[in-house]
Amino acid sequence: MKSKVERNQEVSFNRGVYLQEVRSNPNFDIIIIGGGATGLGAALDATARGFRTLLLEQADFAKGTSSRSTKLIHGGVRYLGQGDIKLVFEALFERGILLKNAPHVVSMQPFANPDYKWWNEFLSGVGLKIYDWMAFRYRFPKTALLGRKTVEKLLPNVRKEGLKGGVLYYDGQFDDARLAINIAQTSADLGGILINYMRVTDLLKGPDQRIAGVKAVDAESGEEYVLNAKAVVNATGVFVDEVLKMNSSTQEPMVRPSQGVHIVLDHSFLEGDNALMIPSTEDGRVLFAVPWHDHLLVGTTDTPLDKHSLEPVALENEIDFILKTLRGYLVRKPQRKDVLSVFAGLRPLAAQGNHNGKTKEISRSHKLMTSASGLVSITGGKWTTYRKMAEDTVDEAIRVAGLQKVECPTAALHIHGFSNNGSDKGHLHIYGSDATGILAIANERPELARKLHEAFPYIGAEVVWAVRHEMARTVEDVLARRLRVLFLNARVAMEMAPEVAKLMAAEMGTDYSWQEAQVKAFSRVAVPYLGQDKKETKLSEIK
Ligand SMILES: Cc1cc2nc3c(=O)[nH]c(=O)nc-3n(C[C@H](O)[C@H](O)[C@H](O)COP(=O)(O)OP(=O)(O)OC[C@H]3O[C@@H](n4cnc5c(N)ncnc54)[C@H](O)[C@@H]3O)c2cc1C
């Protein structure tokens, strides 16, 4: 076991430095495969307990499901309806902890739920009051029943005809990919090593057939690594079964992917600070329309799939379903042309026997499985509960590998960037205490204080910061997961790409052909986010 590693803070969270550290000492207590919410949480937990920890992510941190959520830190109102009381209790507790430890990335969000039938108002009011109460000491402001006039004031664009009243309640909201980076940085601040673009290709086993480490390939250089560990954690989301197959070719599938799609619209389609909750869509789901980074995020769907990928694509009928449902609640009705971005994510739902294709009914709570070889696999769950999932996972890794027992300290651990400084830094508020570093870059080089695009407040200094301190390696890393432009407005993101490539190249010392290749690669990824009818959108039409 090894405690805090002293690193030069000038080169914090630096891929080159970490590769060097891995080469000079390839022996770890715990290796974690997968850099989404689950794996990053486990890496933070393991380093916080003092274990020598390595996390390997095949693409960018949060490239998978963890950047594609509804951005809610919540107990899950619908799980209450389904009677999943334990999950709701656990998630509401974790919601409180996250708001306390990462107030720069997580905030409180009011939701107004308009009702067009009196009994609905009564029923949802009672349900949401129970939801309130279940948060105990981490309770948010009280749920309130609203008169018709108040609903109209809180949701200015909501349909007035037949409106009886509504309910106001509070939940948490966050930026998923930014929290992922901050969790990774917290782990690194404590001595953890986290490397993106490094794919695990095989598992190592000792003569006793027990897990002994992993083989991995650096996607940038092609270099192969053989890395030893006392415990290996498989936290690969919808890819969990692929790693299980590396462990045993006869392994039964552990997850079933279900696709959820979101669309993003101009904020004016809702107006105001409140989110809209539609408690029951035609297919019996909850649909949210939530203000997010000055836009309106609407979702989600639930479509069972047989295949998974790192870039799932929204189906036409999913986009149409969201638009149609939303139109039923709004005066100004959004059309297909109003969609600024569309993104799809895959739920790594833990399959439980025969689910008859209805993914809503598959458990949302997490599942831990330990193979005979000692491989610990963790899947399912929610972003909201990532910390508790990590605690359970590391407890299990300690047990399986016979590591020294150490209490989990993460409930009281501030996340990197922790700041109580309010929102006086404008859009840089999301960086918390790191905003000072970004402003310093902008002050030193005034050309980096300029906006990247007139449609967004983001400045050049943020790109430089992302390369220097947030391990951004590609234009997509910056535009999709450090700044969230691809998820907010895909067309603008494509327009920003050449400038971002130029700034990155200057910082990374790469040449013009790198910039060109990056812009092309980004365009290919971005086209499906445009949300246009795929038959009409050709890559050649994109600048
Ligand atoms: C549409 C949708 C909306 C959601 N909304 C919410 C919400 O509002 N609130 C909430 O709390 N939860 C929400 N969730 C759930 C939450 O997003 C997921 O539970 C969580 O992101 C899963 O994280 P993960 O780390 O398990 O998976 P992922 O984020 O997919 O991470 C797995 C990672 O493993 C990597 N990997 C795979 N194979 C390898 C390999 N061989 N080597 C190295 N790396 C590998 C992948 O590249 C990937 O990055 C939502 C989920 C979906 C799909």
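Buried means under 20% relative accessible area, exposed over 50%, and partly exposed in between, with a 1.4 Å probe and protein chains only. By that rule K71 is buried, at a relative accessible area of 0%. This is a predicted model, in which local features need pLDDT of at least 70, side-chain atom pairs count only at pLDDT 80 or more, and totals for chains, interfaces and linings use all residues. Residues are numbered from 1 along each chain as its sequence is written, and side-chain values use heavy atoms, with hydrogens and water left out. Helices (H or I, at least four residues) and strands (E, at least two) are DSSP runs, numbered from the N terminus.

- In β6, G165, V167, Y169, D171 and Q173 point one way. G166, L168, Y170, G172 and F174 point the other way.
- Two strands pair if DSSP finds at least two bridges between them.
- Strand β4 (residues 106-115) runs antiparallel to β6, with 10 bridges. F111 has Y169 as its bridge partner in β6.
- Strand β5 (residues 144-147) is also antiparallel to β6, joined by 4 bridges. Here L145 is partnered by V167 of β6.
- Strand β3 (residues 72-73) is linked to β6 by 2 bridges, again antiparallel. L72 sits opposite Q173 of β6.

**S107 in strand β4**

- S107 belongs to strand β4. Its relative accessibility is 34%, so S107 counts as partly exposed.
- Contact means heavy atoms within 4.5 Å. Leaving out residues up to four places away in sequence, S107 touches L99, D171, G172 and Q173.
- S107 and F174 are 67 residues apart along the chain, yet their C-alpha atoms are separated by 6.3 Å.

**Helix packing: α4 and α10**

- Helix α4 (residues 85-101) packs on helix α10 (residues 386-401) at an angle of about 105°, and their axes are 8 Å apart.
- Axes are lines fitted to C-alpha atoms, for helices over the stretch in contact, and angles run from 0 to 180 degrees between N-to-C directions.
- The two helices are therefore roughly perpendicular (65 to 115 degrees; under 35 is roughly parallel, over 145 roughly antiparallel, the rest oblique).
- E90, E94, I97 and L98 of α4 meet Y386, R387 and K388 of α10.
- These contact residues divide into 3 nonpolar, no polar and 4 charged. Ala, Val, Leu, Ile, Met, Phe, Trp, Tyr, Cys and Pro count as nonpolar, Asp, Glu, Lys and Arg as charged, and the others, Gly among them, as polar.

- Helix α8 covers residues 240-247, with V240, D241, V243, L244 and N247 buried.
- These residues lie on the same side of α8, because their arc around the axis is only 160°. The arc is that of the directions from the helix axis to the C-beta atoms.
- T236 lies in the loop between β10 (224-234) and α8. T236 counts as buried, at 14% relative accessibility.
- Beyond its neighbours within four places in sequence, T236 is in contact with I33, G34 and V243.

**Backbone points to check**

- A62 has a positive phi of about 65° although it is not a glycine. A62 lies in the loop between β2 (53-56) and β3, and is buried at 1% relative accessibility.
- K71 lies in the loop between β2 and β3. Its phi is positive too, near 65°, in a residue other than glycine.
- G299 and T300 are joined by a cis peptide bond, with omega about 15°. T300 is in the loop between β14 (295-299) and β15 (303-304).
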